[in-house]
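Here's a quick look at how two protein chains sit against each other. Have the structure open and follow along.

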Amino acid sequence: MGEVTVVYILGISCYYHDSAAALIKDGIVVACSDEERFSRIKHDSSFPKKAIQFCLEKEGITSKDLDFVVFYEKPFIKFERILLTSLYYAPKSLSLFRESMKEWFFDKLWVKSHIISELKIPSQKLLFSEHHLSHAASSFYCSPFKESAVLSIDAVGEWTTTSWGIAKGNRLDLKEEIKFPNSLGLLYSAFTVFAGYEANEGEYKLMGLAPYGKAKYKKEISNLIDVKKDGSFSLKREYFSYQYDLTGVYTKKFKEVFGDRNVMPDKVIEYYADIAASIQSVFEDMLLKIVDYIYSKTTTPNICFAGGVALNSKANWLILKKTKFKNLYIQPSAGDSGGAIGAGLYIYHHVLGNNRSYMMDRVYFGTSNDNNEIEKFLLTKKISFVKSKNDKDLIDQTVDVLSRGKVVGWVQSQAEWGPRALGHRSILADPRFSYMRDIVNTKIKFREAFRPFAPSVIEERADEFFDLGPYKNQLPLRFMQLVVPVAKKKRDKLGAVTHVDGTARPQLVDKETNPLYHRLIHEFGLKTGVPVLLNTSFNLKGEPIVNTYEDAYKTFIKSGIDVLVLGKHIIKKSKK
Amino acid sequence: MKTYRQWKKIAKKIAGFQADVILFLIFFIVLCPLSLLFRKLSKNNSFKEQNVRIYWVKRKKTVHDITWARLQ
Ligand SMILES: [Fe+2]
């Protein structure tokens with residue numbers, strides 16, 4: 001009998017933001033994680049040493065067993081862009097040149113030798129994908145589609161900011177692209193900064209602010225962009241400085257039109273809310289034009305979307321509602337960390353020619369917490385707890401505290417992949433009363449009061465509560481990637497999770513991939529009549545989502561969470 | 001050990017300052033004049049495209065095999 005050979009590929013993305021590693025075994029993702037979950041530094045962009053170690057240990061292999069290691073982009077081409085941009089915009093580009101050269105000469109230019117020395121692999125095993133190919137591949141090769149259009153939009157990769165293509169079987173071909181400095185992602189980020197938030201961090205906040213305003217300034221924003229009928233666009237350079245300035249994103253001329261930056265971003269100020277509504281609307285119009293153009297060039301009802309821009313869940317819903325595409329897939333980690341998966345899968349399928357058999361319909365690839373270890377930890381630290389007898393007991397006790405208005409930290413088995421907590425590292429609360437939102441915000445999350453919380457609902461009853469139309473089975477609904485209307489009759493029953501415009505970003509929880517969480521929501525529904533829970537990520541403001549039971553316990557102590565559930569163990573906060 | 005760590009900290013600061021000075025000089029002595037020259041003479045597309053309105057660009061058809069994947 002011949003030996004069965006297994007192909008292991010390790011994908012790595014790092015040095016921009018959100019570094020990550022992913023281990024792929026014969027085209028199947030077996031482990032992946034963002035580095036921030038281990039390092040506890042939010043958006044950690046450093047070399048993902050700990051995430052790599054986690055992936056290898058989880059599979060019980062060492063770096064010697066890897067067939068290939070793939071970096072998610074071509075560093076020299078990116079360097080060329082920075083150098084040429086510095087050259088073109090000199091002398092305005094001094095800060096870009098100085099800071100970038102230091103970063104590149106000390107770190108980024110040596111990616112190859114860095115990976116080789118860290119992993120002790122021969123150089124032939126190290127490969128490089130392209131940034132947008134990695135994005136596109138992360139979506140298509142994880143999707144359920146045999147054939148699909150692919151669209152990737154972000155701030156910028158090497159040179160590309162927007163690209164589309166066609167994928168079929170194990171092949172993925174990007175056809176056209178839009179290049180830096182024309183960038184939909186950077187346009188949105190410019191307004192994120194203007195509204196008082198941080199680029200690459202505050203885009204969610206801008207999206208959350210938009211429903212409080214009216215899109216009064218669409219004309220003014222449209223004047224900054226040339227958009228063609230085919231959806232392609234060019235930004236007018238005189239309004240933006242991100243091309244040459246590391247510290248600013250827009251120019252004096254931009255300020256002459258829109259005024260000064262918001263200095264009170266925690267509050268809803270009418271003007272900035274109107275600006276947020278306007279940029280969101282302009283952005284949606286541009287995205288839909290691009291998607292319509294791609295549809296006209298393809299013959300498939302399926303589209304795979306990727307890149308940081310695919311995290312705009314308000315716009316994602318419109319792709320289904322307003323374009324001719326019938327099916328949408330977005331890999332749960334659509335941003336740069338997802339590039340680690342895409343890079344590995346692109347090499348495995350497109351470059352090496354292997355067939356596909358994989359679909360990512362769940363997100364639980366991260367650190368696991370063992371009940372015995374949890375117990376040992378609690379005993380050692382002399383923390384009093386109640387150990388549930390079985391799942392039913394655990395669920396009954398948790399439902400009881402939730403329905404009495406308590407906030408629960410819920411940590412079960414493997415951590416989620418991607419930016420969303422989907423019922424394994426979540427803070428849960430009763431979604432029925434709007435005051436619960438204020439409690440979670442002020443006691444626990446300490447974040448802007450205007451930002452909405454998302455609901456988790458059991459899949460079989462989702463369309464009672466949300467107007468999902470024919471899209472109930474779309475996988476992005478499982479990953480909280482679509483903002484949808486809450487059914488009018490149910491809005492008063494979902495006060496804590498219905499946004500000011502009557503929408504919500506639900507997670508549809510199915511029995512098969514998420515049995516314990518499904519059962520919890522189901523039982524909560526039996527007790528209260530609402531099979532929905534408020535679900536927000538288990539972290540404090542400015543921190544990454546908790547990874548281990550120790551992280552969870554620390555966060556529990558620092559915050560106003562009432563009850564912590566670690567596996568089978570229930571810990572109540574002592575009243576001091 | 002403590003002295004070594006302190007010295008390392010100071011050395012890092014000195015190196016950072018030196019790098020700043022060198023990069024500053026390179027920028028004004030080399031980059032700025034080159035920039036002027038390039039803007040006048042450049043045939044490099046990526047360079048020219050910085051200030052021209054470009055829209056969809058067709059991607060070059062290249063074979064993506066292991067040789068391509070080894071390129072950085
Ligand atoms: Fe990206």
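One residue to look for is E177(A), whose bridge partner in strand 1 of chain B is V57(B). Keep in mind that this is a predicted model.

Now zoom out to the whole interface. On the chain A side, 53 residues are in contact with 36 residues of chain B. Together the chains bury about 4400 Å², with 62% of that on carbon and sulfur atoms. L87(A), Y88(A) and F97(A) stand out here, supplying 17% of the area chain A buries against chain B, more than any other three residues.

There are charged and polar links too. Between chain A and chain B the count is 5 salt bridges, and one of them brings the side chains of K102(A) and D20(B) together at 2.8 Å, N to O. Polar contacts between the chains come to 14 residue pairs, both residues at pLDDT 80 or more.

Which elements of chain A give two or more residues to the side that touches chain B? Among them are helix 3 (75-89), helix 4 (94-106), strand 8 (171-179) and helix 11 (270-297). The largest share, 9 residues, comes from helix 3 of chain A.

Here is that side of chain A sorted by class:

| Class | Residues of chain A touching chain B |
|---|---|
| Nonpolar | 28 residues |
| Polar | 11 residues |

Note on methods:
Residues are numbered from 1 along each chain as its sequence is written. Chains are lettered from A and ligands numbered from 1 in the order in which they are written. This is a predicted model: local features need pLDDT of at least 70, side-chain atom pairs count only at pLDDT 80 or more; totals for chains, interfaces and linings use all residues. Side-chain values use heavy atoms; hydrogens and water are left out. Contact means heavy atoms within 4.5 Å. Buried area is the accessible area (1.4 Å probe) that two parts lose on being put together, summed over both. A salt bridge is a side-chain nitrogen of Lys or Arg within 4 Å of a carboxyl oxygen of Asp or Glu. A polar contact is a pair of N or O atoms within 3.5 Å; within protein, one must be able to donate a hydrogen and the other to accept it, and residues adjacent in sequence count only if both atoms are side-chain atoms. Helices (H or I, at least four residues) and strands (E, at least two) are DSSP runs, numbered from the N terminus. Ala, Val, Leu, Ile, Met, Phe, Trp, Tyr, Cys and Pro count as nonpolar, Asp, Glu, Lys and Arg as charged, and the others, Gly among them, as polar. Two strands pair if DSSP finds at least two bridges between them.
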